[in-house]
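Please read the notes below with the model open beside you, and follow each point in the structure as you go.

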Amino acid sequence: MSVPSPSLPPGSRQSSWVQTARLMHDAEGFLAKNVARYGDPFSSAIRDGTVVFTGRPDLVREVFAAPTDVISPYAPTHIASVLGPHALILLTGSAHKHERAMVMPLFHSAHLSTYTRAMVEVTRHHASQLPAGDFNSLDLCQRIALDVVLRVIFGFTDPRRHQQALALTLDFVGAIHPLSIFFDAMTKHLPTVGRLARWPKASATLAAFLGAEISRRRQPDHVPGHTVLDLLMGIRHDDGSVLSDDDICDQLRTFLVTGHETTAGGMAWALDAVHRDAAIGDRLHDELAGITSSDDVEGLEAMGRLPFLGAVCDEALRLHPVIPYVPKRVAAPFSLDGRELPIGTGIFVASALAHMNEAVFPEPWRFRPERFLERKPTAFEYFPFGGGAKRCLAAGFAVHEMRIVLGTLLTHHHFQARGKPLYAVHHGISRGPARRGPLTNLPTTT
Ligand code: HEM
């Protein structure tokens with residue numbers, strides 16, 4: 001019996017430069033047009049190879065079910081040039097399972113309530129610093145999300161170290177070029193102008209800070225806390241050896257970057273949406289009014305469980321997935337939709353396609369949180385956090401944070417949407433709302 005030779009689904013013959021530019025400029029439009037023309041899955045030539053895109057639930061299920069050494073991370077050398085070669089997001093096989101299992105307990109649902117009060121305090125602090133008048137919702141959400149995640153990663157007791165980490169991370173993330181997934185961007189192919197010119201310094205300064213923090217915690221008088229860094233430093237390989245400093249630095253960079261830009265984008269979309277639809281805003285306020293009389297732990301925990309508030313956050317991540325396609329690559333023989341794909345082909349599992357499926361999400365372009373109360377989509381119809389063995393390990397934490405931050409802002413502050421709705425652009429590693437200032441801060445009622 002003859003073995004079928006590897007082949008690709010149909011797709012555009014346009015140059016890879018044109019297709020990459022279209023994908024970067026308007027990911028949602030690029031995906032929708034290609035599916036309308038070639039079907040799902042379709043192939044596309046992008047800058048550094050051929051990629052198959054799919055958002056079909058049956059195919060998404062197959063990709064997510066594959067082991068990480070068959071379907072592995074895309075563009076490992078490019079991501080390594082940003083986060084480092086040992087970054088968890090790049091690991092596969094047993095090394096991935098082992099390191100992931102060590103930090104997972106921090107993000108376990110049973111542990112989430114320990115972060116709630118800090119999330120509320122951080123939110124109130126940053127919101128209280130807003131000037132009266134217009135402000136940029138993404139900037140506000142980014143500062144809140146970074147401030148929160150720094151507590152989980154480092155748990156600094158010295159506020160100066162905390163502030164330093166905050167400033168250095170913002171510099172580092174601000175210098176990441178969104179094209180870095182398609183080019184070995186930080187080093188080689190792009191001219192070093194604009195944010196790329198800032199990259200070497202931002203990267204070196206953050207690395208020095210992380211190195212110093214690791215050395216400090218290797219001192220005998222350091223008492224390990226329940227933080228990502230302390231858990232990483234406690235990891236032992238089978239032979240008893242510990243992670244090297246470089247290894248730990250790569251993981252810290254991964255958590256710093258993945259741990260705030262994404263959540264910030266999701267929160268900024270949600271914040272914008274609820275201020276543009278009075279009915280949604282009113283329903284949320286009514287729901288929050290039931291619990292906001294108390295500022296105690298129980299009241300705060302109840303906020304994290306409010307159904308409509310949860311549905312608003314889910315709908316924001318549906319309509320605006322901050323990672324619109326999860327980039328993977330075929331590393332060992334793998335068939336998709338009856339075709340064996342050539343080894344090395346990219347597979348981009350596109351939530352931006354799946355979340356627009358009219359059969360699953362009627363009127364997909366409408367921001368309609370109720371849909372999540374009416375029917376819970378499957379993990380292959382709705383997957384803002386990816387899926388399978390590499391699914392975002394902090395998904396529960398991120399959703400909890402979005403609810404608590406949004407609930408706190410709506411309870412204690414009075415904003416108004418202004419101007420045109422936000423539109424999506426690529427930031428460092430995610431796609432989020434453009435940095436414009438369409439929210440207005442009005443005098444507070446409390
Ligand atoms: C709304 C917020 C977030 C979204 C939408 C999001 C989304 C994602 C996605 C799509 C992936 C790739 C999954 C895959 O390959 O299938 C991922 C991986 C990851 N995320 Fe998140 N994320 C969010 C928040 C966070 C936070 C708060 C943290 C840490 C504090 C975090 C840490 C990670 C890590 C470490 C990985 C790599 C997991 C692995 O390779 O095993 N993320 N995330």
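1. Helices (H or I, at least four residues) and strands (E, at least two) are DSSP runs numbered from the N terminus, and two strands are said to pair if DSSP finds at least two bridges between them.

2. Two remarks on the source belong here. The model is predicted, so to speak of local features a pLDDT of at least 70 is needed, and side-chain atom pairs count only at pLDDT 80 or more, whereas totals for chains, interfaces and linings use all residues. Residues are numbered from 1 along each chain as its sequence is written.

3. The loop between α2 and β1 holds P41, and a cis peptide bond with an omega of about 10° joins D40 and P41. Another backbone feature is found at D337, which has a positive phi of about 55° although it is not a glycine; D337 lies in the loop between β6 (334-336) and β7 (339-341). Both features deserve a second look, because most residues other than glycine have a negative phi, and most peptide bonds are trans.

4. Another open sheet has 3 strands in the order β4-β12-β9, with antiparallel pairing. The edge strands here are β4 (133-135) and β9 (414-417), and each pairs on one side only; neighbouring strands are turned by 40° against each other on average, with direction ignored. Strand β12 (residues 439-442) is joined to β4 by 3 bridges, and the two run antiparallel, with L439 in β12 as the bridge partner of F135.

5. Which helix does α15 (residues 307-319) pack against, and at what angle? The partner is α18, the angle is about 115°, and the axes are 10 Å apart, which means that α15 is roughly perpendicular to α18. Angles of 65 to 115 degrees count as roughly perpendicular, those under 35 as roughly parallel, those over 145 as roughly antiparallel and the rest as oblique. The contact is made by L309, G310, V312 and C313 of α15 and by V399, M402, R403, L406 and G407 of α18, where two residues are in contact if their C-beta atoms, placed from the backbone, lie within 7 Å. By class, these residues divide into 6 nonpolar, 2 polar and 1 charged. In this classification Ala, Val, Leu, Ile, Met, Phe, Trp, Tyr, Cys and Pro count as nonpolar, Asp, Glu, Lys and Arg as charged, and the others, Gly among them, as polar.

6. Helix α6 (residues 113-128) also meets α18, their axes coming within 9 Å and crossing at roughly 45°, and the two helices are therefore oblique to each other. From α6 the contact takes T116, M119, V120, T123, R124 and A127, and from α18 it takes E401, I404, V405, T408, L409 and H412. These residues divide into 6 nonpolar, 4 polar and 2 charged.

7. The axes of helix α13 (residues 278-289) and α18 come within 10 Å and cross at roughly 95°, so α13 and α18 are roughly perpendicular to each other. L284, H285 and L288 of α13 make this contact with G407, L410 and T411 of α18, and by class there are 3 nonpolar, 3 polar and no charged residues.

8. Finally, α18 (395-412) also takes part in the shell around the ligand, where α11 (245-258), α12 (261-274) and α18 each supply at least two residues. Of the 26 residues around the ligand, G259, T262, G386, C392 and A394 come nearest; a residue is near a molecule or strand if its C-beta atom, placed from the backbone, lies within 6 Å of it. By class, the shell has 15 nonpolar, 8 polar and 3 charged residues.

Notes:
Axes are lines fitted to C-alpha atoms, for helices over the stretch in contact, and angles run from 0 to 180 degrees between N-to-C directions.
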